[in-house]
Amino acid sequence: MTSSPVLILDGLSKSFGSVRAADAISLKLFRGEVLALLGENGAGKTTLMNMLFGHYMPDSGKIDIIDGSGHAKPLQLGNPQASIAAGIGMVHQHFTLAENLDALDNIMLGSESFLHLRRNKSQAIQKIQKIMNDSGLVAPMDIAVGRLTVGERQRVEILKALYQDVKILVLDEPTAVLTPQEADKLFENITAMTKNGLSVIFISHKLREVLAFSNRIAVLRHGRKVGEISSKEADERKIARLMVGEETKVFSKKELQVGETVLEVDNLTISGSSKRESLSNISLSVNKHEILGIAGISGNGQTVLANAISGLVKSSSGQIKIDGKNILINDPSNIIQAGAGRIPEDRHKDGIVGQMSVAENMIIEDLNNSKIQSRGLLNNEAIMRHCSDLSSKYDVRGPGPNASARLLSGGNIQKLILARVFEASPKLILANQPTRGLDMGAAADVANRLLEARQRGSGVILISEDLDEILSLSDRIMVIYDGKLRMAETHDRETLGLMMAGEAA
Amino acid sequence: MIRIEPRNTNFAVFTYGVPILSAFVALILASIPLWLAGAPILISYVEMAKGVFGSKFAFSEMLTRATPLMFTGLAAALAFRAKLWNIGAEGQLYLGAMAAVAIGTGYIEAPAFILLPLIIAFGCAAGSVGMVVPAILKTRYGADEVVTTLLLNFIIIIFLQYMLEGPLKDPMGLGWPQSSPILDQGMLPPLMERMRVHSGLVIAIVCALIAQFMLARSVWGFKLRAVGENVFAARHAGIKVNHTILGAAAISGALAGMAGVSEVAGLKGYLTSDLSPGFGYAGIIVAMLAGLSPIGVVISALFIASVFVGADSMSRAMGVSSYLADLVVSTSLLCVLIGGFFGRFKLVRTNLEGKN
């Protein structure tokens, strides 16, 4: 593609204390291209984008915006308003929507003048409708964002950016929550929009889509740009090597004879306050030495299913049996005692107590253990030893066992949770979106641990929106749609994708 | 533009220096109204210091004042650590005092080693009930405990007034709405001869030490902190959230009730409806100032009591209005609270170019 650049990042550096999060990164973005930004967690992608968006002030370097007539104009650094005015829009990985407002208000928020007394909603709706038609991104406009699914919220985020007539759109892990079909559609439409002059930077961990939909790929590692290649010349192996500095190991799944049933869910029905909080007549079983994959688009009942098996919600009818014994529903401690380990969907909210120390978070499910406590008093020495043992065994890296758990990176928080879950040698493992938001290294670690547990004899339920993950790990696959579970007879992307969309396969 | 950022560094300078600096700023600010009132500033402050440290009596008065603040401060601190907003320490204090009076004024005749523990036990139990009820309403029905505990304060105070005009009224009290005096063997022994400071202070400090230890080292404290910091993760990890909240409520209420016991059985000897000049509410400030740490509560209660007693004594010595004393107290509190904020956060100035 030989077109003019719209954005030039020149030697941007940013340090946090002694950490150089970005080290003299230079990058060009051309009109109408899709530039993929790749790198492990902590490679500097988010830092770089935050500098572009004015959230961080670079220590050195500059950013030039080239307008339609080819004049380069330096961007005022560290000022989000200037970035917005220059037509840069960003869709964050962690959404920045007001949960109590509906989608329409969220989209209009920030693009209205304070002095406009009457809001022209119908005009806005027309404009949004047009964007929806163009992009295929559909989300309900009149429901409070807090009640939308993660997938829908992301669509609202993207719509919001598009509504503000951006010239440069940054997407941070945009497809993490979309179905393959939706993702393909999103990229199709992004490709269409780039024809009208939109330039897109997208951050992703999924090499397949990076290769398929980007024009160029820039790879960051340890705050430096280590490579920039045209997507046509790249292949997965080449990019992976650039990202981690070595070839990633591909996990191998051994054929195993399945054992007896560890979990049986029988006609479980939950009538929640809304459709996506409800399940109707769900039955499933998981055996020893087996991974049951549950695929589905977010908001089809995965969360409530996981919560029911975790003991967090009450069922209207139906039973859950672990090892043939009925489990008292609505009591997580009961489920833990029965031998179930749970990897929660939202690791920051349900997985850790951020203000408490790493060591304390390691033992939080194990407070009755006589090694941890005697007569109600905690044995600090044993806790510290436990923590350092597990930290080295599960490679949890951070500022030490006494540091607040919130200071760990997302990948290390997940490793902490894995350590907690796997150390209890559970009979059943419930992993809900275990690799969401993780870099390749950490995601591979999670996958390997799940396979290891399967080998050791655990039964695993893997709930994921990442179809590749489901396909590569699962022995059996079920698809959840609209609160109902269906067994997938064939394991191919096409069939599963259709089932996820609710169409009969 | 100005942004607020948490300080990452935890220098001793900030932990100790900031409160001291804030106290100085408070003295400077409070000197303005003193000057306007025509009092010589330096001498006023000397009088204020004398009012706290000038004599054994002054110092013991300060300790006497600090004792109930320690109890109500602990009550607030423990509840707040569990994110249970107990605003009702004032009411629970009176419940504790009523129970102490009901038991201790002759209803049971027993030697001190039986009667005194009984009075304390009943006082704590009564305070406990006063907090457990709103906690049950919270865990069962989701009633906001800020509202229920606050409103209970008024209900309890009206109930107290009824009791003091009725069942608890002293027949020898010449018609005053006050209770009979607690029996001598039911009184908390004094700590110093001819001084008002009593062994309630020792109990308060022991309570603070135990609370500090239990929070950091016990499973109970672990659960309480986990529920307070992230109730979702605590529940997910199998911690029984409602049990934990009810437990925290019981202890918090008991401590507030103990404040009432200590005032009535340590200091006054009988109960009136003005036993507490808002110790329950001041306990919230004590707890916040202490950063919700039990040991910190002891220190901040001493500080606040010093300001109260010192300012009082100064206004009397200088012949200025006692409102000035209140002004000094509130200025100091504001400055130390603001100072505490700056100890934890910093302001970062960014100009339009965005340079730091």
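The model is predicted: local features need pLDDT of at least 70, side-chain atom pairs count only at pLDDT 80 or more, and totals for chains, interfaces and linings use all residues. Residues are numbered from 1 along each chain as its sequence is written, chains are lettered from A and ligands numbered from 1 in the order in which they are written, and side-chain values use heavy atoms, with hydrogens and water left out.

**Confidence**

The pLDDT is the predictor's confidence in each residue, from 0 to 100.

| Chain | Mean pLDDT | Residues at 70 or more |
|---|---|---|
| Chain A | 84 | 93% |
| Chain B | 89 | 93% |

In chain B, residues 351-356 have a pLDDT below 50, yet this stretch has 15 contacts (heavy atoms within 4.5 Å) beyond near neighbours in sequence. Where pLDDT is low, the predicted coordinates should not be read in detail.

**Domains of chain A**

An automatic or database domain assignment divides chain A into domain 1 (5-244), domain 2 (253-339 + 426-505) and domain 3 (351-424). The C-alpha centres of domain 2 and domain 3 of chain A are 26 Å apart, and 13 residues of domain 2 are in contact with 12 residues of domain 3. Between these two domains of chain A, about 950 Å² is buried (accessible area, 1.4 Å probe, lost on being put together, summed over both); carbon and sulfur atoms give 67% of that area. A:Ile336, A:Pro426 and A:Arg449 supply 46% of the area that domain 2 buries against domain 3, more than any other three residues.
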